[in-house]
Amino acid sequence: MSVIGQLPVIEEAIKLYDQGKYSESIRALETASRNDDLKDDAKLWSYLGLAYLKNDEIKKARKPSEKAVKLEPQNAVFRTNLSYVYLMNGQINKSQSEAETSIQIDPKQTMAYYLMGIGHLWEGDPDTAETYAEKILANDAAFPQGYLLKSDVFVELLGKRVAAGSSIKEEVDFLKKSVDVLERGLQNSSTAAGRKMLADKLEGMKAFYSHYSKDRSMHPPFRPFRNLA
């Protein structure tokens, strides 16, 4: 059977992936990969890697994702997907290398900037992570992960100040900045999924900020009522 006749097989598998049916997508993609006409289709392998990743089979995601890049080394999306797989496997240096190459191929590859930022944040470098957050939002002000990354940067900076001997209450402005950036993201995000991510994060951050921003100096400590009889 010709490649053209088999193309709907891959598209159907991708549709299953988009519907969140990752196990079914994996089975369809694995079946397609055994077809001689389709085994060199880079899109097939890249989606197989992502499907494994979403199905919590993280280690299995690496080889198909690498194969996709080997088949189409100038495809920025496939390199970004591989960067994501490496990051989830804890291979931060490899993740950053792939993301950097992706950006060189396509400077508008916004997800690659996000992966670079997350990698730096995980390595304890919030300043560089914030630089990538700004690049994300300069590329696409509606991209929710840019706001999530910047929020995480402020939380990481707070953690560093507390580790150095400050208190959360003394550094509460970092929590306010985190709340503000999430609220801005909620206003700018153009997708329901993006708004949900931001709203969920914002709810927790608001509670955290509210707790530590209260001025308790005007409230005397609680004392039980005395028996006046």
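**Exercise 1.** How many residues apart are E12 and K15 in helix 1? State what joins their side chains.

Solution. The structure is a predicted model, in which local features need pLDDT of at least 70, side-chain atom pairs count only at pLDDT 80 or more, and totals for chains, interfaces and linings use all residues. Residues are numbered from 1 along each chain as its sequence is written, and side-chain values use heavy atoms, with hydrogens and water left out.

Step 1. Locate the pair: E12 and K15 are three residues apart in helix 1 (residues 3-18), so about one helical turn separates them. Helices (H or I, at least four residues) are DSSP runs, numbered from the N terminus.

Step 2. Check the distance: the two side chains form a salt bridge, 4.0 Å from N to O. A salt bridge is a side-chain nitrogen of Lys or Arg within 4 Å of a carboxyl oxygen of Asp or Glu.

Step 3. Buried means under 20% relative accessible area, exposed over 50%, and partly exposed in between (1.4 Å probe, protein chains only).

**Exercise 2.** Describe the salt bridges D173 to K177 and D200 to K196.

Solution. Step 1. D173 and K177 sit four residues apart in helix 10 (residues 173-188), about one turn of the helix. Their N to O distance is 3.9 Å. D173 is partly exposed at 45%, and K177 is partly exposed at 36%.

Step 1. D200 and K196 are four residues apart in helix 11 (residues 192-213), again about one helical turn. Their N to O distance is 2.8 Å. D200 is partly exposed at 42%, whereas K196 counts as exposed at 51%.

Step 2. The total for the model is 13 salt bridges.

**Exercise 3.** Which residues touch the most other members of the largest nonpolar core?

Solution. Step 1. A nonpolar core is a set of buried Ala, Val, Leu, Ile, Met, Phe, Trp, Tyr and Cys residues joined through side-chain atoms within 4.5 Å. The largest such core has 33 residues, and Y114, I136, L149 and L182 touch the most other members.

Step 1. Two or more residues each come from helix 6 (92-105), helix 7 (110-122), helix 8 (126-139), helix 9 (144-163), helix 10 and helix 11.

Step 2. A second, separate core has 23 residues, among them I14, I26, L38 and W45.

Step 3. Leaving aside residues up to four places away in sequence, Y114 touches I136, F143, Q145 and L149. Contact means heavy atoms within 4.5 Å.

**Exercise 4.** Is K150 buried or exposed? List its contacts.

Solution. Step 1. K150 lies in helix 9 and is buried, with 9% relative accessible area.

Step 1. With residues up to four places away in sequence not counted, K150 touches E130, A133, E134, V181 and R184.
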